[in-house]
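Biologist: I'd like to ask what lies behind the labels in this model. Please put it up on the screen.

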Amino acid sequence: MRLAVNIDHIATIREARKTDEPDPVAAATICELAGAQGITVHLRGDRRHIQDRDVEILRRTVTTHLNIEMAASPEMARTAQTVKPHQVTLVPERRDELTTEGGLDVVLHAGNVEKVVRQLVDAGIAVSIFADPDLDQIRQCQKIRAPKVEINTGKYAEAWQRGGNWPGELEKVATAAKAARKMGLTVLAGHGLNYRNIDGIAAIPEIEELNIGHAIVARAALVGLDAAVREMIALMRSPRR
């Protein structure tokens, strides 16, 4: 199981003062040297953290795998075709949300999402869709020929945090991952994962990659980015039972 580190909140700190530090590009390099096998950023329509210049430089400097999360919009499709990241993950996006709140409704927006998927795949870019652990959504991802799906672990993380029915939410993720793999999709996962709740997700064999950002950046504020990445990778490789 690979770790892709989302470095959005390195840029959030920078943009709080509208200065040039900390530099997301430098953060990406540290993450890769610490063992991360991918770098993820979310290029939002309002450019609240990651900027166009960031993705342009990251594309030239990331040596592992650059994944850009973006809305399934014509503007973002054009940007991706210009930057040509290794992968694009299509996500829902609302201007007033603090973070992505749920999976993309591929069933409802199948026509538009399929069009963007085809544009990106034809440009030689791998495409993943951020989807809830719902079998109808997973089937629709396969139907529109998306090569990959990233399963939203947000409800599992919320249930774990609040002492809710997290085993039930974990089972939904595991079931969706197994179904997606059987459909021929590459399975990724992420959202809300941290050092305390990672174990159950890391034990799901069908999941090939996890996207984790906030928890790692928060931990880095205390122990440094290199140590934070290495700690997460260690937990992923040896889940606690």
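Predicted model: local features only at pLDDT ≥ 70, side-chain atom pairs only at ≥ 80, totals over all residues.

Biologist: What makes β7 and β8 a pair?
Modeller: The rule is that two strands pair if DSSP finds at least two bridges between them. Strand β7 (residues 186-190) and strand β8 (residues 209-212) have 3 bridges in the parallel sense, so they pass. Gly190, for instance, stands opposite Asn211 in β8. The names come from DSSP runs numbered from the N terminus: helices are H or I with at least four residues, strands are E with at least two.

Biologist: Which strands make up the barrel?
Modeller: The closed barrel has 8 strands in the order β1-β2-β3-β4-β5-β6-β7-β8, paired in parallel. From one strand to the next, the twist averages 25°; axes are lines fitted to C-alpha atoms (for helices, over the stretch in contact), with angles from 0 to 180 degrees between N-to-C directions.

Biologist: Why is β3 called largely enclosed?
Modeller: Buried means under 20% relative accessible area, exposed means over 50%, and partly exposed is in between (1.4 Å probe, protein chains only). In β3 (residues 66-70), 5 of the 5 residues are buried, so the strand is largely enclosed by the rest of the structure. In a regular strand the side chains alternate between the two faces of the sheet. Here Leu66, Ile68 and Met70 point one way, Asn67 and Glu69 the other, and all are buried.

Biologist: Which strands does β3 pair with?
Modeller: β2 (residues 38-42) pairs with β3 over 4 parallel bridges, with Val41 opposite Ile68. The chain runs from β2 through helix α3 (residues 52-61) to β3 in a right-handed β-α-β crossover. Right-handed means that, with the strands pointing away from the viewer, the path from the first strand over the helix to the second runs clockwise. β3 and β4 (residues 87-90) also pair in parallel over 4 bridges, and with helix α4 (residues 74-83) they make a right-handed β-α-β unit.

Biologist: What makes one face of α3 the buried one?
Modeller: Asp54, Val55, Ile57 and Leu58 are buried in α3. Seen down the helix axis, the buried residues of α3 fall within an arc of 170°, so they line one face; the arc is that of the directions from the axis to the C-beta atoms. Arg53 and Arg60, on the other side of α3, are exposed. The cover over the buried residues includes α1, α2, β2, β3 and α4.

Biologist: Gly184 and Arg47 are in loops, so which is buried and which is exposed?
Modeller: Gly184, between α8 and β7, has 58% relative accessibility and counts as exposed. Arg47, between β2 and α3, has 16% and counts as buried.

Biologist: What makes the backbone of Arg47 stand out?
Modeller: Most residues other than glycine have a negative phi, and most peptide bonds are trans. Arg47 has a positive phi of about 50°, and Arg145 has one near 65°. The peptide bond from Glu21 to Pro22 is cis, with omega near 0°.

Biologist: Last one: what is the largest nonpolar core built from?
Modeller: A nonpolar core is a set of buried Ala, Val, Leu, Ile, Met, Phe, Trp, Tyr and Cys residues joined through side-chain atoms within 4.5 Å. The largest one here has 75 residues, and those with the most contacts inside it are Ile7, Leu90, Ile216 and Val229. Helix α11 (residues 225-237) gives the largest share, 7 residues. Leaving out residues up to four places away in sequence, Val229 touches Leu3, Val5, Cys31, Ala34, Ala36, Tyr195 and Ile216, where contact means heavy atoms within 4.5 Å.

How values were computed. Residues numbered from 1 in each chain as written. Heavy atoms only, no water.
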